[in-house]
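Hi,

Here is the structure I promised to pass on. Have a look, and my notes follow below.

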Amino acid sequence: MRETTNLHLEIYEPTDNANLEDGYNASMRKLDIRDGEISTLITALNTTVTSFDGRITQAQTDASNASSLATTA
């Protein structure tokens, strides 16, 4: 039996005895683990993006205030 390159899912070859329960279940577990990892990464990325969004908004406000002060001066 071979495995896929990235996720290492089981790939049956013509000479393999088909043991669908072991091969299928192992592949499903690997997919489920990878999905959980990706969900965690997406959540972390969303938190980071939200944080940067707030910083950008504050920087825009600060720049606008500085521009107003410069014009007044």
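**What turned up**

At 39% relative accessibility, His8 counts as partly exposed (buried is under 20% relative accessible area, exposed over 50%, partly exposed in between, with a 1.4 Å probe and protein chains only). His8 sits in the loop between strand S1 (2-3) and strand S2 (10-11), and its phi is near 60°, a positive value in a residue other than glycine. Helices (H or I, at least four residues) and strands (E, at least two) are DSSP runs, numbered from the N terminus.

A word on the basis: this is a predicted model, where local features need pLDDT of at least 70 and side-chain atom pairs count only at pLDDT 80 or more, while totals for chains, interfaces and linings use all residues. Residues are numbered from 1 along each chain as its sequence is written, and side-chain values use heavy atoms, leaving out hydrogens and water.

The count comes to 4 salt bridges (a side-chain nitrogen of Lys or Arg within 4 Å of a carboxyl oxygen of Asp or Glu). Among them, Arg2 pairs with Glu13, with the closest N and O atoms 3.6 Å apart; Arg2 is in strand S1 and Glu13 in the loop between S2 and H1, 11 residues apart. Glu10 and Lys30 also form a salt bridge (3.3 Å, N to O). Glu10 lies in strand S2 and Lys30 in helix H1, so this pair ties together parts 20 residues apart in sequence.

Ser27, in helix H1, is buried at 8% relative accessibility.

Best wishes
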